[in-house]
Structures are given as structure tokens and as C-alpha cells.
Amino acid sequence: MKILVAKDAGYCFGVRDAVNLAYSTADKYGEVYMLGHIVHNENVVEDLERTGAKVVDDLDEVPKDKPLLFRAHGTAPDVWESALSKGIKTVDATCPLVIEIHEEVRKLEEEGRKIIIIGDHGHDEVIGIASQVSDPIIIATPEEAELLRKMKYAGVVSQSTQMIENVQSIINILMKKVYDLHFVNTICFPTKRNHEQIKTLAEQSDIMIVIGSYTSANSKRLTQLALERNPRSYQVTNANDMDSDWIIGAKVVGISAGASTPDNIIQDVISRVKELGHVKEEEVFYE
Ligand code: SF4
């Protein structure tokens with residue numbers, strides 16, 4: 001049996017930097033606070049909590065002498081201002097690619113365009129992008145795009161982790177509804193790369209394993225992309241979820257992981273598949 005691991009499976013650089021900053025800040029100050037989870041992965045959240053990185057719902061819960069870390073997927077300006085006015089020390093872990101989306105959406109608004117954001121309703125990154133402009137429209141699906149009224153000028157950006165297929169379907173509908181449409185493709189390059197790799201791997205493999213939390217929209221999208229190409233695709237949160245029956249008769253097992261899945265969990269799953277399939281080290285390929 002052969003194992004093919006997606007070369008860029010797991011943490012994107014934005015999440016990796018934010019998680020490392022959370023650990024180093026907790027180490028330096030004893031504790032660090034965050035408004036929500038830094039990544040959508042229970043294992044990472046639990047480990048961070050043990051080292052002093054705590055999640056709170058409200059700025060008033062942040063002790064005066066401890067820092068507040070702003071997460072990779074961006075923070076609304078009013079939250080920044082409120083933290084500053086309360087004298088809270090802030091640490092910024094916003095991904096530079098999310099900052100670029102904020103800049104692009106503000107530029108589109110300056111051009112006098114109605115802003116449309118293609119993204120998941122209620123997702124923190126989408127809330128952060130929406131907070132940069134006034135009264136944007138958020139569209140998650142082509143069905144929602146169909147309901148839009150006609151308009152003259154619109155500017156469109158997308159959440160960084162969207163699937164290009166969903167964005168393209170929505171843009172096709174918007175082209176019929178908007179006279180002057182300016183679309184900036186803000187899907188980030190680690191997402192594009194991860195999506196392309198899983199499409200190829202799912203086609204090359206007899207079974208496909210996607211590692212990621214069910215709370216991660218990004219991991220669920222990878223599973224969807226894999227399933228569309230290979231019905232023997234399974235999502236697992238860690239090695240314990242692996243079912244030995246899955247690999248029966250498989251000659252090639254593909255493995256990928258969402259952007260919030262840490263390296264140790266990916267390695268555990270690779271080890272488990274190696275054990276179940278009696279795979280030698282030289283039969284594991286990263287591509
Ligand atoms: S998914 Fe993309 S935009 Fe989001 S944190 Fe990772 S690299 Fe940055």
C-alpha cells in the first residue's frame with residue numbers, strides 16, 4: 001500500500017503564526033486572552049488553555065495586566081477601539097492576507113460600489129471584513145445570489161477560504177444582476193493550493209482521509225471536494241476516528257488536513273494508516 005500526503009496539508013502560515021504567537025505571549029505574560037477560539041480545532045484549543053491562553057466572550061473579562069490577542073481572521077475596528085479605550089494591551093495576530101481583504105473591500109467602497117461579500121454567515125472572518133464597510137451584503141450560496149435585486153455598481157470580495165467553484169457560480173449570477181461589477185478574488189493562496197492538492201489526491205487515491213474538526217468550515221470544504229471526486233472519502237478529527245475497514249482492498253490512501261489541523265495530529269493519522277496497512281516508510285509520499 002502507498003500513502004500520498006498532500007504537501008501543504010494542515011496549518012496555513014496565518015494560523016501557524018497566530019498559534020505560535022499565542023503560545024509565546026502566554027509564556028511571556030503567564031496568560032493571554034482571546035475573544036473566541038484561535039483555530040477551529042478542539043485539540044489545539046485544549047492545549048493552549050493548559051498553557052494559559054484563555055477564551056473570553058467580553059473585553060471586561062480580560063484582566064488589566066494581561067494581553068488580549070487578536071486572532072488570524074481579523075477583528076472589527078470597534079473592538080480594537082474598545083480594547084484600546086479600556087487600556088488593554090493588545091497583540092495582533094491578524095493574517096496579512098486578511099488585512100489585504102480589508103484593504104480591498106475599503107477601496108471598492110471608496111469607488112462608490114455596493115459591497116458584496118461571498119462567505120459564510122456569522123463566520124468571524126466574514127464579520128471582520130463586513131465591519132470595514134457600511135451595510136455590505138453577505139452571500140453564501142448561488143440561491144442567495146438569485147434573490148438579489150438588480151444594481152448599478154457593486155464590488156465583490158470573498159472570504160479567504162471559499163471554494164472557487166462556489167465563488168464562480170455566485171459571480172455568474174451577479175453578472176446578470178449588476179451593471180458594473182468589480183470582483184477581487186480574495187481566496188488566499190494557501191487555500192487555493194490546499195483545494196487543488198486535495199482534488200488531485202482524491203482522484204489518485206482509492207480512499208481519501210481528511211483530518212480536521214467538524215467545527216472547521218475549512219476542513220468540511222476539503223471533505224466536500226474529496227467526496228465529489230472519491231466516494232470513499234472520510235473526515236476524521238484524529239487517529240482514534242480511523243476505522244480499519246476503510247482501507248480494506250485499498251492500494252493508495254490519500255491524506256490531507258484542514259488549515260486548523262496541527263502537525264502532530266496529521267502525523268498520528270499517518271502512523272495509524274501505516275500501522276493498519278503495514279506501510280513502509282519509503283511508501284509514504286508528500287505531493
Ligand atoms: S486561511 Fe489564508 S487568510 Fe486565513 S489565516 Fe490562513 S493564510 Fe491567512
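Start by selecting the ligand and the 15 residues around it, of which C12, G14, C95, S160 and C188 come nearest; a residue counts as near a molecule if its C-beta atom, placed from the backbone, lies within 6 Å of it. Keep in mind that this is a predicted model, in which local features need pLDDT of at least 70 and side-chain atom pairs count only at pLDDT 80 or more, while totals for chains, interfaces and linings use all residues. Residues are numbered from 1 along each chain as its sequence is written.

Staying with the ligand, colour α1 (13-29), α4 (96-110) and α8 (189-204), each of which supplies at least two residues of the shell; helices (H or I, at least four residues) and strands (E, at least two) are DSSP runs, numbered from the N terminus. The largest share, three residues, comes from α1. By class, the shell holds 10 nonpolar, five polar and no charged residues, where Ala, Val, Leu, Ile, Met, Phe, Trp, Tyr, Cys and Pro count as nonpolar, Asp, Glu, Lys and Arg as charged, and the others, Gly among them, as polar.

Next, colour the chain by its domain assignment, which gives domain 1 (2-10 + 190-286), domain 2 (14-95) and domain 3 (97-186); these bounds come from an automatic or database domain assignment. Select domains 2 and 3 together: 10 residues of domain 2 are in contact with 10 residues of domain 3, contact meaning that the C-beta atoms of two residues, placed from the backbone, lie within 7 Å. On the side of domain 2 that touches domain 3 there are four nonpolar, six polar and no charged residues.

Now move to the open sheet of five strands, ordered β11-β10-β12-β1-β13 with parallel pairing; two strands pair if DSSP finds at least two bridges between them. At its edges lie β11 (233-236) and β13 (284-286), each of which pairs on one side only. Within the sheet, select β10 (residues 207-211) and β12 (residues 252-257), which pair in the parallel sense over five bridges, and look for I211, whose bridge partner in β12 is A257.

For a last stop, select residues 77-85: where does helix α3 lie, in the open or in the interior? Of its nine residues the number buried is zero, so helix α3 lies largely in the open; a residue is buried if 20 or more other C-beta atoms lie within 10 Å of its own, exposed if 12 or fewer, and partly exposed in between, with C-beta atoms placed from the backbone. Just after α3, G87 takes a positive phi of about 75°.
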